[in-house]
Amino acid sequence: EVVQSSPSSATVGSQPPPKLPVQPPIPAPAPQEQGAASKVREGLRASVTLLSGVGQRRAELLGKLGVNTIGDFLYFYPRRYEDYSQLKTIDHLAYGETASLIGTVWEAGGRQSRGGMYLFRALLSDNTGTIEVTWFNQRYLEDRIKPGMQLVVSGKVEEYLGRLTINSPEWELVGRSDLETARIVPIYPLTEGLTQRWLRQTVRQALSAWAYRLVDPLPEALRKTYDLLPLGRALWGIHFPDSFDHLRAAQRRLAFEEALYLQLGLLQQKLQWRSQPGRAIQAPEGYLESLLEMLPYALTGAQRRSLDEMLQDMATGNPMNRLLQGDVGSGKTVVAALLMAVTAVTGGQSALMAPTEILSEQHYKNLG
């Protein structure tokens, strides 16, 4: 049952949880910091065309990915990562495992199957063995994968006629510079006309120029309390982590900040909502007791406590929103019915909603 009351919750059979703080934990920036923060915000709103190597054509392609400003680049998170320091060689692959490997394309080509499906196959080698990889209904790969290229592929290793195979793997064209880094490499969402290598270079350019210039919205004391990375370090970690520990710490910091903004937004809405004037509802003297005497049973202690708390809230005149929670049969409906009766006797109206038509009819007959 959802009944009008204060923002704190009353739970039948348990104690109400503590109220949220009325003040947000993030203080406003000092006056000397506001000027610098304003300049940074202005720079982050600048077009991606201000970055080296980003012309109008590439800016349009980035726009398809939702990247229109330099700030968008900083928060354009990878969809996954490849750990080039932990790649397997073909001779160490095992059936049934999900693995990543780098191989040189020996053969590549497509054909139409008898069932009408288009199959594109490539034979990869890494000097320890060969493996066949297959993609289904991806004809565009004829122009993307050619003999002599080096690919990193990730997928489930399977067996076909005694040979190693991977079906529909994730893949990426790699170069010498990627292999030499031997590190965790970000893999970004793509659109036709952009490559992973170019995206990584451009994201790195944006991070180098702006990541450590951002004003961290989380105070240092709060970061220490919850062991959170500074914002700049977290942005580098989400894009180019030094280790998986660094990646997890970056994800934790950015998730914390996102959740905090959500909670602060909800708190702000609640405070704005509570600032609106409401109507005080107070039962005439003796009215509630007469209702309780008409019941064929006495309320439990939890029911009476919840009822009293909500009546007190209704009498304040502040807008109220309360969730009354309890197990099936714990007596939530009778508490809601008593509150509706008090509202009606003071000249107000109530609406009782039910999830099914049958329950609605039951309420109508029982409360009529």
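## Aromatic pairs

Rings of Phe, Tyr and Trp, the last represented by its six-membered ring, pair if their centres lie within 6.5 Å. In this predicted model, pairs of this kind link Phe 120, Trp 135 and Trp 171 into a cluster. A search of the whole structure finds 6 aromatic pairs. One of them is formed by Phe 76 and Tyr 188, which are stacked, with 5.6 Å from centre to centre and 10° between the planes. This pair links distant parts of the chain, 112 residues apart: Phe 76 is in the loop between α3 (70-74) and β3, and Tyr 188 is in the loop between β10 (184-187) and α5. Phe 76 and Tyr 188 are both buried.

Tyr 226 and Phe 256 form a tilted pair, because their ring centres are 5.2 Å apart and their planes stand at 40°, an angle that is neither under 30 degrees (stacked) nor over 60 (edge-to-face). Tyr 226 belongs to helix α6 and Phe 256 to helix α8, so the pair ties together parts that are 30 residues apart in sequence. Tyr 226 counts as partly exposed, at 39% relative accessibility. Phe 256 is also partly exposed, with a relative accessible area of 24%.

## Charges over rings

Two arginines are placed over aromatic rings. Arg 139 lies over the face of Tyr 118, at 4.2 Å from the ring centre. The charged end of Arg 204 sits over the ring of Phe 240, 4.1 Å from its centre.

## Strand pairing around β4

Strand β4 (residues 98-112) runs antiparallel to strand β7 (residues 150-160), and 7 bridges join them. Within this pairing, Leu 101 has Val 153 in β7 as its bridge partner.

β4 also pairs with strand β5 (residues 118-125), in the antiparallel sense and over 8 bridges. Here Gly 110 is bridged to Phe 120 in β5; Phe 120 is also a member of the aromatic cluster with Trp 135 and Trp 171. β4 and β5 form a hairpin with 5 residues between them, and Gly 116 in the turn has a positive phi of about 95°.

Helix α8 (residues 244-274) has 31 residues, which at 1.5 Å a residue should span 45 Å; its end C-alpha atoms are 45 Å apart, so expectation and model agree. Its buried residues include His 246, Leu 247, Ala 250, Arg 253, Leu 254, Glu 257, Leu 260, Leu 264 and Leu 267. An α-helix has 3.6 residues a turn, so residues three or four places apart point the same way. Among the elements that cover the buried residues of α8 are β3 (80-83), α6 (220-226) and α7 (231-239).

In α5, the buried residues include Gln 196, Trp 198, Leu 199, Arg 200, Thr 202, Val 203, Ala 206, Leu 207 and Trp 210.

## Gln 303

Gln 303 lies in helix α10 (residues 301-314). Its relative accessible area is 4%, so Gln 303 counts as buried. Leaving out residues up to four places away in sequence, Gln 303 touches Ser 330, Gly 331, Val 334 and Val 335.

## Overall figures

The protein has 12 helices and 11 strands. Of its 368 residues, 39% count as buried. Among contacts between residues at least 6 apart in sequence, 64% join residues at least 24 apart. The accessible surface comes to about 21500 Å², of which 52% belongs to carbon and sulfur atoms.

Terms used. Residues numbered from 1 in each chain as written. Predicted model: local features only at pLDDT ≥ 70, side-chain atom pairs only at ≥ 80, totals over all residues. Heavy atoms only, no water. Pairing = 2+ DSSP bridges. Helix = DSSP H or I, 4+ residues; strand = E, 2+ residues; numbered from the N terminus. Expected span 1.5 Å × (residues − 1). Buried < 20%, exposed > 50% of the residue type's maximum accessible area, 1.4 Å probe, protein only. Contact = heavy atoms within 4.5 Å. Areas by Shrake-Rupley, 256 points an atom, 1.4 Å probe, with all protein chains shown as cover. Lys NZ or Arg CZ within 6 Å of the ring centre and 35° of its normal.
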